[in-house]
Amino acid sequence: MLLALRDIGKAWHIARTGERVSALEAITLDVTPGEFLILLGPSGCGKSTLLQIMAGLEPPSAGAIDFPAAAGGRGKLTSMVFQDYALFPWRTVLANVAFGPEVRGVPRREREEHARRLIDLVNLRGAEHRYPHELSGGMRQRVALARALANDPQILLFDEPLAALDSQTRRVMQDELLRIWAETGKTFVYVTHSLQEAVLLGTRIVLMTAGPGRIKRVEEVTLPRPRHLTGRAEAAMLDRLDALLGEEVKRAMAS
Amino acid sequence: MTASHWRQIASVAGLLLAWQVLVQAGRINPLFLPTPLAVLGSMWEMTRSGELPWAVLASLDRVIQGFVYGSLAGVLLGLLAGAIRWVEDLLDPWVAAVYPIPKSALFPLFMLWFGLGNPSKIVTIAVGVLFLVLVNTMTGVHAINPTLLKAARDLGASRPQIFVKVILPGALPNIFTGLRLGAGMALILVFITEIEATKAGLGFLLWEAFQLMDTRHVFVGVVTFGLLGVATTWLLQWLERVTCPWIQRSN
C-alpha cells in the first residue's frame, strides 16, 4: 500500500445560496505500488477533486489519508500532471522540468543534468531551450510529465492529461505513457472520462457514480498488452463498462 | 523599407515642408509659429550654450528619482496586495480614494509639506507613478492562471518561493504596462511642477519662454519633451525584451 483513502468525503459550501453540495462520499481506496489506476466517471463526479485530495492540494471534509512513513513525507509522495499542462510560460523546457529540484535546493548543475535525463526520457531532446508557447500540445504534456517526474515521486497523479489533444496525438501519448510507466516503475493514478482510455491503459479501473461521487465498482484489468480497442476481450470489457457508465451519465443529466 | 514606411516619411516631410514654406512666405506670423528650421537653429544654439542640456539634466534628475521611487513602491505594494488578501484589504480604500485625484492637484500640498525645492517635485512624480504601477501590478497578479500556483505548490515551492518564482514573473508583463504609463505620467508631472518654484529644468525653460513670448524657445521645449518621451518608451521596450524574452518570442 502506498496511499490509503479512508472514508473520504468532500463538500462545498456555496456562499451565495447557503447550500451544501456534496462532491465526494465514502471513498475508501488503496493505491498499490506499481499499478496504473484509472479513476473513471462522468463529468462532475468529483474525480478531479479526489485527485487534488490525493495530491494534498485540497483538504478532505471527512475521512483520512494514510501513507507509509517510509515514503519520506507528504512532499515526495505524489506529483501532479494537470490537464492544461500548467507549464510556467516564462521558463524554458529545461527550467520548467528543473523547477521541483530547484525549489528543493538541488544545486544548478545537478538539477539540470537530472532534468536533461528526464527530457530524454520523454523524447524531447533538442527542445530544452524552447519556451512552452513554442511547443505543440503533445510536447507540452511531455514537459509536464518530465517536470512531475523530476521530484522522483512514488505516485504520479494525472488529471485528464490528454483531454486537450487531438485524437492522433492522444494515441501516441497513450503509448508514451505506457512506455514511461513501464520504464520508471512508478505508480500512476489517472483520471479520465474516456472508457477507451481506461481500457487501453489501466491495470485497475475505479468506476465512480455521478455526483456525489462514490465508488460504483472496481474492475481489475488483466488483459495482455498491447491492447487494441477492436480486440474481443477489450470490446467485451468496453461494453460492460459502457453500460455501467451510461447509467451514471443518465443520472448526472437527470439531477 | 515598405510602402507603409515611405508613406510615413512622406507624411512627416510633407507637413514640415509646407509649414516651412507657409511661414517663410509670410502667410503665418512667426510669432505664433516659427519655421522648423528656426526651431532647429535655436535648439542647436541652446545646446552649444549648455542651456538646453542643463535644463534636460535638471528635469531628468527629478523624473528618474520620482520614477524609480514610485515604481519600486508600486511594484512591491502591488505584488503584496495581489498575493496577500489582507494587504489588499488595507490598501484598497486608499487606492480607490487617491487614484482618481489628478496628482498635479497634490503638488501644492507637497510644497507645503516638503518645501519649494526638489523633494516636493520628486514626491509628486513618485506618487503619480506609484498608483499607475500599483494598479497594473495588482491586475497582473490577479491575471496569473491559478493552476500555475497549484503546480508550484505541488512541486514543493514554499510561499516565498511562489512569490519570487511564480507571482513576480507572472505579473511582469502587466508591470511593464504600468511602467510605460508611469513614465508618461512622470513627464507630465515634471512639466507641471517646474512651472512653479524653480529656476532649472525643461518645464521652467518652456514656461519662461512663453512668458517672454519667445515662441521659438517654447517649441524647443515642446520638441525636447517629445524626444524624452520617445527615448523613455524605447528604453522600457528594450528592458521588457531583455527581461521577458518569452513575450518577445510570441510576437
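The following conversation works through some features of a predicted model.

Student: What makes the size of chain A agree with that of a compact globule?

Tutor: With 255 residues, a compact globule would have a radius of gyration near 18 Å, and chain A has 19 Å, which agrees. Its C-alpha atoms fill a box of roughly 55 × 45 × 40 Å along the principal axes, and 42% of the residues of chain A count as buried.

Student: Why are β5 and β9 of chain A called edge strands?

Tutor: The open sheet of chain A has six strands in the order β5-β6-β7-β3-β8-β9, with mixed pairing. Each of the strands β5 and β9 (215–220) pairs on one side only, and these are the edge strands.

Student: How do you know that β6 and β7 of chain A are paired?

Tutor: Two strands pair if DSSP finds at least two bridges between them, and five bridges join β6 (residues 155–159) to β7 (residues 187–192) in chain A, so these strands, which run parallel, count as paired.

Student: How do you know that the buried residues of helix α7 in chain B are on the same side?

Tutor: In α7 (residues 146–154) of chain B, the buried residues are B:L148, B:A151, B:A152 and B:D154. They cover an arc of only 160° around the axis, which puts them on the same side of α7(B).

Student: What covers these buried residues of α7(B)?

Tutor: The cover includes α1 (47–55) and β5 (78–81) of chain A, together with α8 (159–195) of chain B.

Definitions and conventions. Residues numbered from 1 in each chain as written. Chains lettered and ligands numbered in written order. Predicted model: local features only at pLDDT ≥ 70, side-chain atom pairs only at ≥ 80, totals over all residues. Buried ≥ 20, exposed ≤ 12 C-beta atoms within 10 Å, placed from the backbone. Helix = DSSP H or I, 4+ residues; strand = E, 2+ residues; numbered from the N terminus. Arc of directions from axis to C-beta. Contact = placed C-beta atoms within 7 Å. Rg over C-alpha atoms; globule rule 2.2 N^0.38 Å.
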